[in-house]
Amino acid sequence: MDLIRTIEEQNKRPGAQKFNVGDTVKVHFKIVEGKTERVQIYEGIVLCMKNSGIGRTFTVRKNSYGVGVERVFPLNSPRIMQVEVVHAGKVRRSKLYYLRDKVGKAAKVKELVGGKVAAAMAARNAAAAAAAAAKEATVKAEAESQA
């Protein structure tokens, strides 16, 4: 059992959860197409967080040309480059599945506003960007050492 926990701790992303349910986020997701890699940005509202530990996932919903699209991302995936919080949402539920039935303004989530919130959001985004840059640097260093 301790072996499983140590492997999970090694594969967890440092500072992975910097957002909550109801936040509008931009997920920078690496896509591999043949030999080329590119980063695709998926922006939407976080509907829910599921599971715990290494298997933790979050669901992001957006409207694309009038059609609701949801995507489930693994929180500790190495393909997620960065999760950037655009707006902090003010919600009173842990799962926002009711937004699936709403259209237009009814599908909006109130924004959490205030000086402390703005400062905290800026600090969270800066910490997440620094962690992503550090991870990318270690990945490049490992690749160079193997070559």
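The model is a predicted one, and every value discussed here is computed from it. Of the 147 residues in the chain, 27% count as buried.

The secondary structure comprises 2 helices and 5 strands. Along the sequence these elements follow the pattern α-β-β-β-β-β-α. Where contacts link residues at least 6 apart in sequence, 55% of them join residues at least 24 apart.

E3 and E4 form a hairpin with 2 residues between them. In the turn, tyrosine 65 has a positive phi of about 55 degrees.

Strand E1 spans residues 24-33, and threonine 24 has its place there. Is threonine 24 buried or exposed? Its relative accessible area is 16%, and because buried means under 20%, threonine 24 counts as buried. Leaving aside residues up to four places away in sequence, threonine 24 touches Glu43, Gly44 and Ile45, and also Glu84, Val85, Val86 and His87.

Attention now turns to the aromatic side chains. A search of the whole structure finds 4 aromatic pairs. One of them consists of tyrosine 42 and phenylalanine 73, whose ring centres are 5.7 Å apart; the planes meet at 65 degrees, so the pair is edge-to-face. Tyrosine 42 belongs to strand E2 (residues 36-50) and phenylalanine 73 to strand E4, so the pair ties together parts that are 31 residues apart in sequence.

Which residues form one aromatic cluster? The cluster consists of Phe19, Phe29, Tyr42, Phe58 and Phe73, and it therefore contains the two rings of the edge-to-face pair. A charged side chain also meets one of its members: arginine 71 lies over the face of phenylalanine 29, at 4.6 Å from the ring centre.

How values were computed:
Residues are numbered from 1 along each chain as its sequence is written. This is a predicted model: local features need pLDDT of at least 70, side-chain atom pairs count only at pLDDT 80 or more; totals for chains, interfaces and linings use all residues. Side-chain values use heavy atoms; hydrogens and water are left out. Two strands pair if DSSP finds at least two bridges between them. Helices (H or I, at least four residues) and strands (E, at least two) are DSSP runs, numbered from the N terminus. Buried means under 20% relative accessible area, exposed over 50%, partly exposed in between (1.4 Å probe, protein chains only). Contact means heavy atoms within 4.5 Å. Rings of Phe, Tyr and Trp (its six-membered ring) pair if their centres lie within 6.5 Å; planes under 30 degrees apart count as stacked, over 60 as edge-to-face and the rest as tilted. A charge sits over a ring if NZ of Lys or CZ of Arg is within 6 Å of the ring centre and within 35 degrees of the ring normal.
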